[in-house]
Amino acid sequence: IAGQLKGILYHFPLLTCGLANGAPELIRRIIDAPAALSAQDAQRMRAILALLSIQPGMPFVSAYKTILAEQTGDGAWLRVKAPLTLLSQDENDAVRAADR
């Protein structure tokens, strides 16, 4: 799986930049030492990629803010102003589950 993940990150640099915002330590480990990737890291990356493929139209800023709220425990990150929209409860749950 490590080689596949590094290949995905190499061929899709914008995806890498976006993922690095929400999971910087994970992306750094994949780039620096893909062969040393733990089973937990590989599972987390699969969950994040699955989320992106299942719900490709999900608002990125709202998803990113949900990840920050999950990581920091601060619900203030969930606030958005128009024209941005909140995630649905299902989207919110999916983002939080993928980030764990």
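**Close-up views of a predicted model**

View 1. Look for F60 in helix α5.

View 2. Now follow helix α5 through residues 60-72, which make 13 residues in total. From its first C-alpha to its last, α5 reaches 18 Å, close to the 18 Å expected at 1.5 Å a residue. Which residues of α5 are buried? They are S62, A63, K65, T66, I67, L68 and A69. Just after the helix, G73 takes a positive phi of about 75°.

**View 3. A cis peptide bond.** Here we zoom in on the peptide bond from A82 to P83, which is cis, with omega near 15°. P83 sits in the loop between α5 and α6 (89-99). As background, most peptide bonds are trans.

**View 4. Two nonpolar cores.** The largest nonpolar core has 11 residues: L19, A23, L26, I27, I30, L37, A42, M45, I48, L49 and A98. Two or more residues come from each of α3 (24-32) and α4 (39-54), and α4 gives the largest share, 4 residues. Apart from this core lies another, of 5 residues, including M58, I67, L87 and V95. In soluble globular proteins, nonpolar side chains tend to be buried together.

Methods
Residues are numbered from 1 along each chain as its sequence is written. This is a predicted model: local features need pLDDT of at least 70, side-chain atom pairs count only at pLDDT 80 or more; totals for chains, interfaces and linings use all residues. Side-chain values use heavy atoms; hydrogens and water are left out. The expected span of a helix is 1.5 Å times one less than its number of residues. Buried means under 20% relative accessible area, exposed over 50%, partly exposed in between (1.4 Å probe, protein chains only). A nonpolar core is a set of buried Ala, Val, Leu, Ile, Met, Phe, Trp, Tyr and Cys residues joined through side-chain atoms within 4.5 Å.
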